[in-house]
Amino acid sequence: GEQKRTIQGFSKEITALSFVADTVRLIAGGGDNVIKVINADSGGNERSLGGSPDFLYAAAASADGKTIIGGGQDGVLRVWEGTK
């Protein structure tokens, strides 16, 4: 298929990417130490979830999108309130 859009706004590499439930939202995390909730249709950043001092290598959302979890180089799992 054809590329639909380019989404920018990350200062370092992206190491984790996942859609949030059955929505157009996705979560992305990586070298800039935050997980971003992004609207895939518009390409806009809806939220930035911080708190990690190091790279994030994994990001996932619960089936209903109400919980987001990320893990990274510091060996800690962080849990955030997700989308509503």
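Which residue forms a salt bridge with Asp 74? In this predicted model, where local features need pLDDT of at least 70, side-chain atom pairs count only at pLDDT 80 or more, and totals for chains, interfaces and linings use all residues, the partner is Arg 78, with the closest N and O atoms 2.9 Å apart. Residues are numbered from 1 along each chain as its sequence is written, and side-chain values use heavy atoms, with hydrogens and water left out.

By salt bridge I mean a side-chain nitrogen of Lys or Arg within 4 Å of a carboxyl oxygen of Asp or Glu, and a search of the whole structure finds two. In the pair I opened with, Arg 78 counts as buried at 19% relative accessibility, while Asp 74 is partly exposed at 24%; here buried is under 20% relative accessible area, exposed is over 50%, and partly exposed lies in between, with a 1.4 Å probe and protein chains only.

Glu 46 and Arg 25 also form a salt bridge, their closest N and O atoms being 2.5 Å apart. This pair links distant parts of the chain, 21 residues apart, since Glu 46 lies in strand β4 (residues 45-49) and Arg 25 in strand β2 (residues 25-30); strands (E, at least two residues) and helices (H or I, at least four) are DSSP runs numbered from the N terminus. Glu 46 is partly exposed at 35%, and Arg 25 is partly exposed at 24%.

Turning to the rings, the charged end of Lys 36 sits over the ring of Phe 10, 4.7 Å from its centre, the criterion being NZ of Lys or CZ of Arg within 6 Å of the ring centre and within 35 degrees of the ring normal.
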